[in-house]
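Here are some notes to read alongside the model, for someone meeting it for the first time. Have the sequence and the 3D view open as you go.

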Amino acid sequence: MKIAILGVWHVHAPDYTRTALAHGEVVGFFERNDALAEAFSAQFGLPRFETVEALLASDCEAVIVCSATKDHTADIIAAAKAGKHVFTEKVLALTDTECDAIEAAVNESRVTFVISLFQKYIGSRKAVKAVADSGELGKINYLRFRNCHNGSTGNWLPAHFYNAEECGGGAMIDLGAHGMYLTQWILGVPVTSVSAFTLACERPDVAEKNTDHVEDNAVTVMTYPDGAIAVGETGFVSANDPVVFEVHGELGYVRMEGDRVTKRTAATGGQEVEVSVPASDPAPILQFVTGNVLPGCGMAEAKALTHMMVMAYGK
């Protein structure tokens with residue numbers, strides 16, 4: 001497949017490009033920011049298209065969208081109308097209305113659409129999902145997902161990740177997105193959502209970058225009609241913090257910490273036991289470039305994630 005990189009704003013753009021190069025041909029890239037474009041060009045030696053229109057007029061068959069989140073709507077709609085298959089970084093867009101417009105363009109053009117909800121395909125997350133779906137926990141009443149890094153306190157996040165207009169927010173809309181789509185995977189879309197967002201990093205050099213004061217420490221609490229509660233925790237201020245994914249029910253719980261999954265249920269006699277972790281499936285980017293797309297990373301899931309973010313930010 002011939003692929004073009006539509007934006008290199010996102011930090012995952014280099015990894016996606018390597019995957020595309022390994023399994024196809026990359027014809028070039030477009031980026032609005034000259035500094036980002038120069039760095040990317042120096043790294044990969046790929047030609048730069050001067051406009052989105054020039055990229056879409058090329059012989060590429062598909063695009064990998066890594067532009068700023070605020071530009072996703074225009075970029076994806078243009079790509080779809082040009083008949084290009086679309087892989088996009090999450091989140092899809094900043095509003096439900098924008099997502100509807102993207103969906104209409106993709107459906108009208110009948111192009112393939114994939115979004116990078118990669119944690120759904122990791123073996124340990126699949127193990128949690130399998131136990132939750134099995135009925136062994138009884139009625140599920142609580143879910144918690146914690147995913148943090150030290151991008152702010154370690155000062156390795158790029159400055160544009162603190163740009164409220166380009167990102168749509170801070171830690172929750174970026175790193176917190178993983179917890180949101182895993183929550184939807186287990187429980188569906190919540191009916192209420194309330195968030196606590198704070199600015200915890202006190203480094204002066206980071207404050208110089210975060211002039212929009214986007215949150216770097218965040219928790220969102222969601223509720224469901226049957227009484228279940230889900231909690232998403234994320235942030236850019238915690239080092240050496242394991243990823244935790246746990247689901248609780250009336251008969252027990254299943255818990256993942258790192259790659260280890262355990263459960264304690266009525267069926268185990270109240271004893272904690274190890275849960276067998278299946279092999280991981282290919283990540284969505286690999287599914288896309290090889291043409292072997294699995295369920296779970298399509299338009300419905302993309303729209304649900306944006307809707308949950310709209311709720312989390314109280315928009």
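1. The buried residues of H11 are covered by, among others, H5, strand S6 (113–115), H8, S8 and S9. Contact here means heavy atoms within 4.5 Å. Helices (H or I, at least four residues) and strands (E, at least two) are DSSP runs, numbered from the N terminus.

2. A word on what you're looking at. This is a predicted model, in which local features need pLDDT of at least 70 and side-chain atom pairs count only at pLDDT 80 or more, while totals for chains, interfaces and linings use all residues. Residues are numbered from 1 along each chain as its sequence is written, and side-chain values use heavy atoms, with hydrogens and water left out.

3. Back to H11, which takes in residues 299–312. Ten of its 14 residues are buried, so the helix is mostly covered (buried means under 20% relative accessible area, exposed over 50%, partly exposed in between, with a 1.4 Å probe and protein chains only). Among the buried ones are Met299, Leu305, Met308, Met309 and Met311. From first C-alpha to last, H11 reaches 20 Å, close to the 20 Å expected at 1.5 Å a residue; the expected span is 1.5 Å times one less than the number of residues. After H11 comes Gly314, with a positive phi near 65°.

4. Gly123, Ser124, Arg125, Ala127, Val128, Lys129, Val131 and Ala132 are buried in H6. The cover over them includes S7, helix H8 (177–187) and strands S11 (244–249), S12 (252–257) and S13 (260–265). Gly135 follows H6 and has a positive phi, near 90°.

5. Which residues touch the most other members of the largest nonpolar core? They are Leu55, Val63, Ile64, Leu92, Phe245, Val247 and Met309, in a core of 85 residues. A nonpolar core is a set of buried Ala, Val, Leu, Ile, Met, Phe, Trp, Tyr and Cys residues joined through side-chain atoms within 4.5 Å. Leaving aside neighbours within four places in sequence, Val247 is in contact with residues including Val128, Ala132, Leu137, Ile140 and Tyr253. There is also a second, separate core of twelve residues, including Ala68, Tyr162, Cys201 and Val214.

6. Glu246 sits in strand S11 and counts as buried, at 9% relative accessibility. Its side chain makes a polar contact of 3.0 Å with the side chain of His248, and another of 3.0 Å with that of Arg255. A polar contact is a pair of N or O atoms within 3.5 Å; within protein, one must be able to donate a hydrogen and the other to accept it, and residues adjacent in sequence count only if both atoms are side-chain atoms.

7. Now look at Asp241, in the loop between strand S10 (229–235) and S11. Asp241 is partly exposed, at 26% relative accessibility. The C-alpha atoms of Asp241 and Asn147 are separated by 7.7 Å, although these residues are 94 apart along the chain. The side chains of Asp241 and Arg146 make a polar contact of 2.7 Å.

8. For the strands, follow S9. S9 pairs antiparallel with strand S8 (residues 192–198) over seven bridges, and seven bridges also join S9 to S10, again antiparallel. Two strands pair if DSSP finds at least two bridges between them. One face of S9 is covered, with Ala218, Thr220 and Met222, while Asn217, Val219, Val221 and Thr223 form the uncovered one. In the hairpin of S9 and S10, five residues lie between the strands, and Gly227 takes a positive phi near 100°.

9. Finally, some backbone details to check. Most residues other than glycine have a negative phi, and most peptide bonds are trans. Lys90 and Val91 are joined by a cis peptide bond, with omega about -5°. Asn155 has a positive phi of about 55° and is partly exposed at 24% relative accessibility. His213 has a positive phi near 55°, and is exposed with a relative accessible area of 58%.
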